[in-house]
Amino acid sequence: MALKFRGVDFIEFDTLLTDDERLVRDTARRFIEDNLIPIIEECNRAGRFPRELVKPMADLGFFGASLKGYGCAGMSNVEYGLVTQELERGDSGVRSFVSVQSALVMYPIYAFGSDEQKQTWLPAMQKGEKLGCFGLTEPDFGSNPGGMRTRARKSGNEYVLNGEKMWITSGSIADVAVIWAKTEDAKDANDGSSIRGFLVETDRPGFRAEDIHGKWSLRASVTSSLSLQDVRIPASNLLPKSGGLKSPLMCLNQARYGIAWGAIGAAMACYDCALQYSLFRKQFHNEPIASRQLVQEKLAWMISEVTKAQLLVLQVGRLKDQEKVKHQHISMAKRNNVWMALECARMSRDILGANGVADEYPIFRHMANLESVKTYEGTHDIHTLIIGQSVTGIDAF
Amino acid sequence: MKILVCVKQVPQKDAPLKLNESGTWIREDVSYEVNEPDAFALEEALRQKEKHGGEVVAITAGPARAQQVLREALAKGADRAIHLEDPGFVGLDAFNTARAFAAAIKDEKFDLIFTGLQSDDYGFAQTGVILADLMGWPHATIIMQIEKSDGGIKVKRELEAGYFQFVEMPLPAVLTIQSGINKLRYATLIGIKQAKNKPLRKVTLAEVQSAIGANLQKIERMYIPQKTKKTEYLEGSPGEIAKKLVDKLRNEIRVL
């Protein structure tokens, strides 16, 4: 029995949004309802990325939505966040794809790229004609990217790249990879200051992308490992304004911000499904399970946490629009909201009992997806340390 | 072609409704959306403009919240909008709404006026028809297709039982559009941004007050239908149940 999503708004949160923000949210919601919801369970089962949605999403302006110029929509950060919320209400994997295209590939080209690089890539990526991926994480360097082994050696008018990247969303479907590598002026293995970004066209000799199979999570998006063996790129492919570990972390900040909104979408999907289910599922004396205190406690917990998460991320979004946001604010929103969403998914699964395990309902898919979302773009624990560092002034990594 | 599209903001189709205190309408704290047939009317106007050029203007009557439907129309591609803005416009009957619209556009020259076939809340299906009469224009209802012809238009009307009627008519004219005539587009994010810079003219209740009068139609009472049927379980052994059943059928329902 498919339950139609009805939206979640306990404290008239919508009145905190402008007309345009609501229109953006409603448009994205309608698009996802019409186009993703009918196919997502099939995609998830088959481990298939719904590539057919790339063009329609591009037409609506979902890629690079918060960038200005190059055909991009120039959305505010709150509007962009509402789009990611609705995308992830559909599926975290599809939202991940959009986040990578927008925040991890278009953003660094926009922020660190030359005019020529921007002209070459941004309009085509906005239209969905070119897809991108972001290569920072390595097999041995996840939470500590500063230790990366990938190297870029200058050779005449070229750079030669060598290294391995792992857990790369969209790796094998990308036309261009933003590869982060240390240049030869790296002083030692832990020196992150020499990290630079490079645009690597994925058809260059020596570049290989292999999909990671057997994922229990994010099955509707592509996850790959990348191998670069003596990949030669023109020196003009260096992102000229990138410098040090700070550059990729700036990209991650963009993406983490979108995730903080996205997680609310997944939580809303689970909560609304559990609420509707609890009202029609009858047990004991032919009464709905929603009439029982243990079920009500779960629903009350979830709606409270979803509401708090909305307020948190809205404030972070407003700060971002005023250019006052700090990375620790985004860390708090990402950490709290993804945790909250995962707890909601687990609790909703409880309410649905055995029915929560099958993909007739979206809950288990969201739950499995959120396990990845809790880990990527800075694990829950790493964000704890970022907040800890911010309040104490002491690094505990 | 210059086309005016009448768009109404109505309560969301699947929103839970609560009656207001006087029991004459629903409470305001509900989610709203564009009336569905009006969305198809707007889409058709945009398609006609894409084919033949011209201008699409969206008009609505309602409180401040109703501006949302105009914003959506502008985001989808309407060129400008007219908002008859006052909470007083909510309770108008179809006659007065049509009179208010006619007054608000008296200085404009449209070739076509589209409305949705009917509204999802009141369901009168009258505003467009009355508006045509007030303008002195011809009209056609339940439109499924519009083609430009020499000096006018040819339209396809939906009749009952799968029948259609084709009508040739001169311009200007009023058409009430059936849902499903086309496939709705989404507002694009860039369209939403651009909508901010499109003109939106506001018309106060005072400006059109002289054109409207007392409502001729009034909702006396609104109520949630009462359950009138009750299931009664007959208990006992099969023999006793059969006996009670025969008794009821014979003496209460009197069908035996």
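**Salt bridges**

Analyst: Asp26(A) forms a salt bridge with Arg25(A), with 2.8 Å between the closest N and O atoms. A salt bridge here is a side-chain nitrogen of Lys or Arg within 4 Å of a carboxyl oxygen of Asp or Glu. This is a predicted model, so local features need pLDDT of at least 70, side-chain atom pairs count only at pLDDT 80 or more, and totals for chains, interfaces and linings use all residues. Residues are numbered from 1 along each chain as its sequence is written, chains are lettered from A and ligands numbered from 1 in the order in which they are written, and side-chain values use heavy atoms, with hydrogens and water left out.

User: Is Arg25(A) buried or exposed?

Analyst: Arg25(A) counts as buried because its relative accessibility is 7%. Buried means under 20% relative accessible area, exposed over 50%, and partly exposed in between (1.4 Å probe, protein chains only).

User: What does Glu85(B) pair with?

Analyst: Its side chain meets that of Lys202(B) in a salt bridge, 3.0 Å from N to O. Glu85(B) is in strand E5 (residues 80-85) of chain B and Lys202(B) is in strand E11 (residues 200-203), so the pair ties together parts 117 residues apart in sequence. Helices (H or I, at least four residues) and strands (E, at least two) are DSSP runs numbered from the N terminus. Glu85(B) has a relative accessible area of 26%, and Lys202(B) has 47%, so Lys202(B) counts as partly exposed.

User: Which residues are joined into one network?

Analyst: Lys2(B), Glu55(B), Arg80(B), Glu108(B) and Arg201(B), through salt bridges that share partners.

User: Now the second largest pocket. How much space lies in it?

Analyst: About 1300 Å³. Of its 44 lining residues, Gly142(A), Leu252(A), Tyr376(A), Glu377(A) and Gly378(A) are the closest to the centre. On a 1 Å grid over the protein atoms alone, a pocket is an open set of points where a 1.4 Å probe fits, with protein on both sides within 12 Å along at least five of seven lines; lining residues have an atom within 4 Å of a point. Grid points are joined across faces, edges and corners, and the volume is the space filled by probe spheres set on the points.

User: Which element gives the largest share of that lining?

Analyst: H7(A), with 7 residues. Other elements supplying at least two residues each include helix H5 (92-112) and strand E5 (158-169) of chain A.

User: And the surface patch, which residues form it?

Analyst: Phe10(A), Ile11(A), Leu16(A) and Leu311(A) form a nonpolar patch, with about 380 Å² of accessible area together. Patch residues have over 30% relative accessible area and no salt bridge; like charges are joined within 9 Å, and nonpolar side chains (Val, Leu, Ile, Met, Phe, Trp, Tyr) within 5 Å. Areas come from the Shrake-Rupley method with a 1.4 Å probe; for residues, only the protein chains shown count as cover.

User: Where is Leu311(A)?

Analyst: In helix H8 (residues 293-321) of chain A. Leu311(A) is partly exposed, at 37% relative accessibility.
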